[in-house]
Amino acid sequence: MPVRPVVTVTYAQSLDGCLAAGPGRPLALSGPESARYTHQLRASHAGLLVGIGTVLADNPQLTVRHVAGPNPQPVILDSQLRCPPAAALLRHPTHRPWIAAHAEAPGDRAQVLAAAGAVILPLPSDEHGRLSLPALLDELGRRGLASLMVEGGAQVITAFLTQGLADRLIVTVAPRVVGGLPAVAAPVDLALFNVRWRPAGPDMILEADLRP
Ligand SMILES: NC(=O)c1ccc[n+]([C@@H]2O[C@H](COP(=O)([O-])OP(=O)(O)OC[C@H]3O[C@@H](n4cnc5c(N)ncnc54)[C@H](OP(=O)(O)O)[C@@H]3O)[C@@H](O)[C@H]2O)c1
């Protein structure tokens with residue numbers, strides 16, 4: 001049995017709990033201090049995961065830029081291999097991004113993305129037809145990843161939290177009200193342990209454990 005990575009779910013939300021202005025409508029929420037802390041967190045994790053919704057909405061680079069430190073291994077959840085071959089993360093300076101996909105995802109897409117620099121990780125489905133996150137964590141453990149930072153977006157955060165697969169939660173709360181895309185989009189009631197709050201410029205950062 002591989003040892004699964006320790007999972008930290010981390011994101012920036014508005015005061016009313018939103019990640020973005022709406023689906024596919026990104027919003028810069030973090031101030032400079034909390035954005036720098038997010039990059040410190042990236043540098044202290046072995047892997048950095050986002051869903052394909054975030055790739056399509058934000059075209060993120062998934063690198064460490066605001067502080068000095070190593071880049072984590074980028075991991076994308078993309079069951080149908082919708083990632084555009086021109087995506088910024090495929091020009092990653094230090095790692096070949098790992099794209100987790102259904103084993104039956106179109107083979108021609110796999111070839112195109114592999115040629116563009118990705119490594120495709122075929123995964124089984126869960127009972128809802130989504131990529132199985134426990135299988136993903138086992139695979140990342142087999143590949144030697146000791147820690148994983150899950151940055152978003154809403155569906156991915158919701159999936160990790162509702163399935164009880166996160167060990168730590170770090171949330172930046174920005175002083176804005178946006179009435180947009182909720183960070184957690186399904187019923188869940190998680191107890192937080194060792195809760196710490198601190199200011200970071202105009203924002204507040206909460207850090208907590210999700211296991212006693
Ligand atoms: N404020 C922040 O900190 C922050 C951070 C990141 C993103 N965002 C925002 O979040 C928004 C994107 O969020 P989103 O919810 O649309 O997309 P997302 O969570 O990034 O990606 C969701 C997609 O991932 C794929 N997926 C595969 N397996 C999954 C699984 N087991 N569980 C969940 N998803 C799985 C699915 O697509 P397939 O079925 O095609 O595989 C699903 O539609 C953007 O607007 C972005 O700006 C904000």
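Predicted model: local features only at pLDDT ≥ 70, side-chain atom pairs only at ≥ 80, totals over all residues.
Two residues are in contact here if their C-beta atoms, placed from the backbone, lie within 7 Å. With that in mind, Arg-36 touches His-66 and Val-67, leaving aside residues up to four places away in sequence.

Arg-36 sits in helix H1.

H1 covers residues 32-43, and at 1.5 Å a residue its 12 residues should span 16 Å; the end C-alpha atoms are 17 Å apart, so the two values agree. Which residues of H1 are buried? They are Ser-34, Tyr-37, Thr-38, Leu-41 and Arg-42. These residues cover an arc of only 150° around the axis, so they lie on the same side of H1. As for what they pack against, the partners of the buried residues of H1 are the strands S1 (6-14), S3 (47-51), S7 (147-152), S8 (168-174), S10 (193-200) and S11 (203-209).

Next, the ligand. Around the ligand there are 31 residues, and the closest are Gly-51, Gly-53, Ser-79, Gly-152 and Gly-153. Two or more residues of this shell come from each of S1, strand S2 (18-20), S3, helix H2 (52-58), S7 and helix H5 (154-162). Which element gives the largest share? H2 does, with 5 residues. By class, the shell holds 17 nonpolar, 9 polar and 5 charged residues.

The peptide bond from Gly-152 to Gly-153 is cis, with omega near -5°. Gly-153 belongs to the loop between S7 and H5.

In soluble globular proteins, nonpolar side chains tend to be buried together. Here the largest nonpolar core has 56 residues, and those with the most contacts inside it are Ile-76, Cys-83, Ile-99, Ala-100, Val-150, Ile-157 and Phe-160. H5 contributes the largest share of this core, 5 residues. Within H5, the buried residues are Ala-154, Val-156, Ile-157, Ala-159 and Phe-160. Just after H5 comes Gly-164, with a positive phi of about 65°.

What does Ile-99 touch? Residues up to four places away in sequence aside, its contacts are Ile-76, Asp-78, Leu-81, Cys-83, Leu-113, Ala-118, Ile-120 and Leu-121.

Leu-81 is in the loop between S4 and strand S5 (98-102). Leu-81 counts as buried because 23 other C-beta atoms lie within 10 Å.

Leu-62 is another non-glycine with a positive phi, of about 60°. Its place is the loop between H2 and strand S4 (73-77). With 24 other C-beta atoms within 10 Å, Leu-62 is therefore buried.

That is what I have.

Definitions and conventions
Residues numbered from 1 in each chain as written. Helix = DSSP H or I, 4+ residues; strand = E, 2+ residues; numbered from the N terminus. Expected span 1.5 Å × (residues − 1). Buried ≥ 20, exposed ≤ 12 C-beta atoms within 10 Å, placed from the backbone. Arc of directions from axis to C-beta. Near = placed C-beta within 6 Å. Nonpolar A, V, L, I, M, F, W, Y, C, P; charged D, E, K, R; others polar. Core = buried A, V, L, I, M, F, W, Y, C linked by C-beta atoms within 7 Å.
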